[in-house]
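Grab a pencil and work through a few exercises on reading a protein structure. Try each task yourself before you look at the solution.

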Amino acid sequence: MRNHKMRMCAILLGSMLAMGNVTACGVINTSASNSTETSTEADTTTETSDTTTVDSTSSDFEYTSEDIDASYDEASATGITFSGTTISVDGSGASVTDSTVTISEAGTYVLSGELSDGQVIVSADKEDTVHLVLNGVKLNCSTSSAIYCEQSEKVIIILADGTENTVSDATTYVYANDTDTEPEAAIFSTDDLFLTGTGSLTIAANYNNGIQSKDNLLIASGTYNITAVNNAIHGKESLTILDGTFTVDAGHNALHSKGNLTVDGGTYTLSAVKKGLHADELVTVNDGTINVLESDEGIEGLSITINGGDINIEASDDGLNAANQDDTTTTDTTATSDQTGAAADMPSDGQMMTPPTDTTTSTEAQTTTDSDTTAQASTDSTTVASQTELSADTQPGGGQPGGGQPGGGQGGEQPGGGMDEVDEDCIITITGGTLYINANGDGIDSNGYVYMSGGEVYVNGPTNDGNGSLDYNGDFVISGGTLVAIGSSGMAQTITDTSTQAGLEVIYTTSQKAGTVVGLLDSSGKEVLSYTSIKDYSSIVISTSALTDGETYTLTSDGTTLGQITISGISTVVDETGAAATTGTGGPGGGSGGPGGGERPNQTTDGTTTDGTATDSTTTTTTN
């Protein structure tokens with residue numbers, strides 16, 4: 001793992017310079033008497049010319065305007081037409097053998113028709129750029145990838161305007177010899193791969209990944225419907241998405257990068273058995289509408305930066321997770337490796353490989369900085385934690401705060417990190433956007449630090465006391481924006497006193513019911529916060545610019561006054577009557593959370609089904 005500290009310092013410096021709030025819809029009403037709305041969305045490029053765009057937000061990948069240009073000259077292009085298993089070529093640069101067409105020269109190739117069982121192979125010189133125009137094509141291969149970009153400098157796939165295109169691969173791949181492991185995706189490239197255009201592409205990845213590049217992968221535009229056994233979209237060096245519409249159902253991760261993952265825009269509807277967005281290094285979201293309808297963890301990376309966008313996350317474990325994760329065993333070598341990463345035994349003929357079983361695709365070697373340093377097999381049915389967890393069954397709705405004292409948790413650890421080692425590379429930075437999280441594990445989980453300078457963050461956290469709405473090992477520093485985090489109290493944490501914006505944590509002496517409206521009024525009776533929890537809860541963290549040191553606020557529940565709370569310093573922790581309280585210990589960052597008791601993505605608090613799009617769909621936010 002390369003050293004990220006210099007890059008992280010640069011990102012944090014830029015983040016601290018950005019301030020602002022975003023207005024969106026939610027169960028929440030907030031008002032800030034002295035706030036002025038300003039845009040905090042970071043520029044996605046820092047160098048722009050007619051030919052070159054440098055994405056310096058989160059990766060070193062450079063691309064030209066020609067790489068994402070969807071125009072082409074059909075008159076000078078080579079036409080490739082499919083009919084059943086028959087392939088005809090009109091032009092130069094491509095040859096046909098049986099039901100396989102091989103492209104061996106730079107140029108533009110327009111693909112149309114239906115290939116019921118065959119393959120498109122790009123095998124050109126290493127300096128060649130190949131344009132593949134999908135012009136209403138249906139490609140299926142029963143033995144391998146449908147499109148295999150074996151060698152070139154780069155391949156640019158253009159989805160022709162107004163066209164619908166379909167690609168599907170085999171459930172079992174046949175390789176030339178028993179040492180081959182590539183290709184391993186419906187569309188597979190060993191070199192840089194670009195997708196652009198305004199058409200649509202439907203992919204059925206029956207073997208492993210949907211779209212995969214062993215180098216850089218960039219998607220500029222288009223409409224994508226992808227179902228994948230493993231990862232839907234997979235970039236090795238980097239994955240960058242500029243725009244587009246994505247509907248994904250993935251057996252492992254929806255969006256995955258072994259390097260950096262950058263989202264500059266687009267609309268996403270993602271369902272994943274494991275992660276909605278995952279990068280081994282840095283995840284950056286600059287803009288876009290992202291709905292993670294189903295996931296184990298919503299967004300995961302060594303570090304995560306949210307500069308903008310509207311993000312809704314449903315997670316059975318953590319919503320955001322900054323941790324040093326090794327996801328190698330379920331990607332790149334998925335089809336030919338056992339779950340330790342060692343080469344698996346090959347079939348006797350050494351040629352036919354089947355996709356990984358559910359056990360393989362849902363298991364990952366996880367390196368954490370927890371005190372027990374557990375390498376844990378993360379399956380849906382098993383939870384390993386470094387502390388004794390109190391289940392939702394024994395303490396419904398978050399349970400009674402530990403030790404008979406509000407928020408006493410499981411020991412006298414300080415709010416800033418509990419017993420866990422701080423990973424200096426793990427940083428969550430939020431400068432803008434609107435983020436809604438419904439998590440059964442930790443809402444926001446960092447093995448290192450959390451820095452928030454803008455945007456709006458609303459967390460519906462766990463009901464079990466083995467997790468917390470906020471979980472960090474270093475500091476949670478807030479200098480701007482709106483933060484509301486509600487959940488259980490046993491492992492609850494609040495903002496640290498190194499913040500410059502005041503925060504309030506309320507540790508309730510008894511569990512509160514889902515559907516309760518939490519209200520906070522200033523001394524003049526003006527509403528500072530109105531928040532309706534979708535789960536039972538026993539703690540809430542609030543930080544907005546409307547909170548002022550020394551001022552007294554009224555806490556209400558469904559309109560009934562519970563107590564008077566005076567803000568004292570940066571971080572105030574009280575019970576619902578206003579009496580001083582003690583916050584929880586904080587849990588092990590980056591680990592798997594215990595079973596949560598929260599609502600599923602398509603349920604309201606009474607269990608009725610909604611449209612399943614986003615938990616904030618019935619909520620409203622107001623800032624003044």
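The exercises below are about this structure, which is a predicted model.

**Exercise 1: a pair of rings**

Task: Work out whether the rings of tyrosine 173 and tyrosine 207 are stacked or edge-to-face, and which parts of the chain they tie together.

Solution: 
- Start with the background: a pair of aromatic rings is described by the distance of the centres and the angle of the planes.
- The structure has twelve aromatic pairs. In the pair made by tyrosine 173 and tyrosine 207, the ring centres are 3.8 Å apart and the planes sit at 15°, so this pair is stacked. The cut-off you need here is that planes under 30 degrees apart count as stacked.
- Now place the two residues. Tyrosine 173 belongs to strand β15 (residues 173-174), while tyrosine 207 is in the loop between β18 (200-205) and β19 (209-213), so the pair links parts that are 34 residues apart in sequence.

**Exercise 2: cysteines**

Task: How many disulfides does the structure hold, and is cysteine 141 buried or exposed?

Solution: 
- Recall that a disulfide is a covalent bond between the sulfur atoms of two cysteines.
- The count here is zero disulfides.
- For burial, the cut-off is under 20% relative accessible area. Cysteine 141 has 3% relative accessibility, so it counts as buried.
- Cysteine 149 has 0%, so that residue counts as buried as well.

**Exercise 3: the partners of β11**

Task: Find which strands pair with β11, including β13, and name a bridge partner for each pairing.

Solution: 
- Begin with strand β9 (residues 107-115): eight bridges join it to β11 (residues 129-140), and the two run parallel. Here leucine 115 has leucine 139 of β11 as its bridge partner.
- Go on to strand β13 (residues 154-159), which pairs with β11 in the parallel sense over six bridges. Leucine 132 is partnered by isoleucine 157 in β13.
- Finish with strand β14 (residues 164-168), joined to β11 by three bridges and also parallel. Asparagine 140 finds its bridge partner in serine 168 of β14.

**Exercise 4: two residues and their surroundings**

Task: Is threonine 223 buried or partly exposed, and what does it touch? Then do alanine 186: where is it found, and is it buried or exposed?

Solution: 
- Threonine 223 lies in strand β21 (residues 223-228). With 30% relative accessibility, threonine 223 counts as partly exposed.
- Leaving out residues up to four places away in sequence, threonine 223 touches Leu159, Gly199, Ser200, Leu201 and Thr245. Take leucine 201: threonine 223 is 22 residues from it in sequence, but 6.2 Å away in space, C-alpha to C-alpha.
- Alanine 186 is in strand β16 (residues 185-189) and is buried, at a relative accessible area of 0%.
- Beyond its neighbours within four places in sequence, alanine 186 has contacts including Ser145, Val167, Tyr173 and Gly210.
- Alanine 186 and serine 144 are 42 residues apart along the chain, with 7.7 Å between their C-alpha atoms.

Methods
Residues numbered from 1 in each chain as written. Predicted model: local features only at pLDDT ≥ 70, side-chain atom pairs only at ≥ 80, totals over all residues. Heavy atoms only, no water. Phe/Tyr/Trp six-rings, centres within 6.5 Å; stacked < 30°, edge-to-face > 60°. Helix = DSSP H or I, 4+ residues; strand = E, 2+ residues; numbered from the N terminus. Disulfide = S-S within 2.5 Å. Buried < 20%, exposed > 50% of the residue type's maximum accessible area, 1.4 Å probe, protein only. Pairing = 2+ DSSP bridges. Contact = heavy atoms within 4.5 Å.
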